[in-house]
Amino acid sequence: MKPTAASGPSSSAANLALKLRAALAADAAAWAVSSGGSRGLLGRTLASNFLDVPAALAACVDAVASGIRGRTPAEIRARFGIANDLSRQEEEEIKADCAWAFDCC
């Protein structure tokens, strides 16, 4: 019996990828904001991009935007676990050089 084009390891991997993409796209919004913290969200964003699942990627990007909107830089760093690599003096220099960017804050 000859193997068909739809059998074999490569087709099962392709089928699994198709099923995974369909599952991710089906519940992208809930998937992006579910528990897992910012690390989980980063992983989900990278996976959505790698698997080329636009609905899941858009939901992840929306979740990140919601986490940033209306927050101070310190709150954003705390929420997403970003280390502040600027000294206090460097921050003040940047604020002085780009005062127009900080008018809203």
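**Entry 1: charge on the surface**

I began with the surface and found Asp85, Glu90, Glu93 and Asp97 gathered in a patch of negative charge. For a patch, I took residues with over 30% relative accessible area and no salt bridge, joining like charges within 9 Å and nonpolar side chains (Val, Leu, Ile, Met, Phe, Trp, Tyr) within 5 Å. Asp and Glu count as negative, Lys and Arg as positive, while His and the chain ends are not counted. I placed each charge at NZ of Lys, CZ of Arg, CG of Asp or CD of Glu.

A word on what I am looking at: this is a predicted model, where local features need pLDDT of at least 70, side-chain atom pairs count only at pLDDT 80 or more, and totals for chains, interfaces and linings use all residues. Residues are numbered from 1 along each chain as its sequence is written, and side-chain values use heavy atoms, with hydrogens and water left out.

Then I looked up Asp97 itself, which sits in helix H6 (residues 88-97). Helices here are DSSP runs (H or I, at least four residues), as are strands (E, at least two), numbered from the N terminus. Is Asp97 buried or exposed? Asp97 is exposed, at 64% relative accessible area. My cut-offs were under 20% for buried, over 50% for exposed and partly exposed in between (1.4 Å probe, protein chains only).

**Entry 2: the whole chain**

Next I stepped back. I counted six helices and zero strands in the protein chain, so from the N terminus the order reads α-α-α-α-α-α. Of the 105 residues, 17% are buried. The accessible surface is about 7,800 Å², and carbon and sulfur atoms hold 63% of that area. Those areas come from the Shrake-Rupley method with a 1.4 Å probe; for residues, only the protein chains shown count as cover.

I also checked contacts (heavy atoms within 4.5 Å). Among those between residues at least 6 apart in sequence, 45% join residues at least 24 apart.

The partners are Arg88 and Glu92, at 4.0 Å from N to O. Both belong to helix H6, four residues apart, or about one turn of the helix. Arg88 is exposed at 61% relative accessibility, whereas Glu92 is partly exposed at 38%.

**Entry 3: a nonpolar patch**

Leu86, Ile94 and Phe102 make a nonpolar surface patch of about 220 Å². I found Leu86 in the loop between helix H5 (73-80) and H6. Leu86 is partly exposed, with a relative accessible area of 33%.

Thr45 is in helix H3 (residues 37-50) and is buried, at 18% relative accessible area. What does Thr45 contact, leaving aside neighbours within four places in sequence? I found Leu57 and Cys60.

In the loop between H3 and helix H4 (54-68), I stopped at Asp52. Asp52 has a positive phi of about 55°, although it is not a glycine. Most residues other than glycine have a negative phi.

Last, I looked at Val61 in helix H4, which is partly exposed at 45% relative accessible area. Val61 and Leu41 are 20 residues apart in sequence, with their C-alpha atoms 9.2 Å apart in space.

Definitions and conventions:
Salt bridge = Lys/Arg side-chain N within 4 Å of Asp/Glu carboxyl O.
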